[in-house]
Amino acid sequence: MIDRASPNFDERQLPVSMIVLHYTGMPDCEGALCRLTSPEAKVSAHYCVDEDGTIYRLVDESKRAWHAGKSRWRGITDVNSASVGIEIVNPGHEFGYRPFPDEQVAALIPLVADIKERHGIGRGNVVGHSDVAPGRKEDPGELFPWSALAKRRLALPSPTRDLIDPFWTDAGFLLALERFGYDVTDEQKAVIAFQRRFRPDLIDGIIDGECRAKLLSLLLPRPQ
């Protein structure tokens with residue numbers, strides 16, 4: 001791990017209960033690091049993971065990094081105060097979005113595992129930027145390998161077995177989506193964010209039986 005200190009932080013107001021994953025959305029790692037450590041940019045994260053697996057530590061976890069912006073998750077509106085932010089180097093949708101290399105994912109997994117264990121973070125609170133800010137963001141995007149984290153119990157899996165369509169109305173689905181954690185102020189973008197995370201093969205913003213069934217499965221209690 002390489003220290004690359006950012007001046008962009010302040011004091012936390014809440015205990016850490018979340019991990020928020022981002023992509024950098026810039027052409028290369030060095031450009032992203034320069035932005036994340038620039039006083040003028042006023043953005044930062046706690047860690048940045050390069051495509052070759054190198055991890056940069058930018059802000060001490062005890063401090064509040066500035067990565068989530070205006071966001072909300074499960075009733076928390078100061079997501080920066082309650083989260084550890086990890087930027088994952090990827091050009092993003094603007095500069096040629098591409099799959100995340102194996103070396104990068106292999107470095108990210110133990111980092112997430114360590115943070116999650118130290119802070120006692122539940123799997124449902126390991127989220128993407130698009131989950132906490134669906135009206136504004138789409139990272140880390142549909143190519144992010146959530147399944148690699150889920151199979152190690154580091155994030156929630158996308159339900160695939162024993163799915164039952166509860167036949168909610170659209171309003172009922174949105175109510176359930178809000179109960180799960182999403183900000184549904186922009187209804188279609190909230191649906192798209194849910195699909196991007198839990199059904200990345202079809203992101204159309206349409207509430208259908210598969211979406212309803214997956215959300216129901218996510219809301220049902222599971223044996224621990």
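Modeller: Helices (H or I, at least four residues) and strands (E, at least two) are DSSP runs, numbered from the N terminus. The expected span of a helix is 1.5 Å times one less than its number of residues. The model is predicted, so local features need pLDDT of at least 70 and side-chain atom pairs pLDDT 80 or more, while totals for chains, interfaces and linings use all residues. Residues are numbered from 1 along each chain as its sequence is written, and side-chain values use heavy atoms, without hydrogens and water.

Helix α4 covers residues 102–119, which is 18 residues. From first C-alpha to last, α4 reaches 26 Å, close to the 26 Å expected. After α4 comes glycine 120, with a positive phi near 65°.

Buried means under 20% relative accessible area, found with a 1.4 Å probe on protein chains only. In α4 the buried residues are Gln104, Val105, Ala107, Leu108, Ile109, Leu111, Val112, Ile115 and Lys116. An α-helix has 3.6 residues a turn, so residues three or four places apart point the same way.

With contact taken as heavy atoms within 4.5 Å, the buried residues of α4 pack against strands β3, β4, β5, β7 and β8 and helix α6.

Lining residues have an atom within 4 Å of a point. The second largest pocket has 24 of them, with Tyr23, Thr24, His129, Lys137 and Asp139 nearest its centre. β3 (18–23), α1 (29–36) and α3 (92–95) each give two or more residues to that lining.

Technical notes
1 Å grid on protein atoms, 1.4 Å probe; cavity = no way out; pocket = protein on both sides within 12 Å on 5 of 7 lines; lining within 4 Å. Buried < 20%, exposed > 50% of the residue type's maximum accessible area, 1.4 Å probe, protein only.
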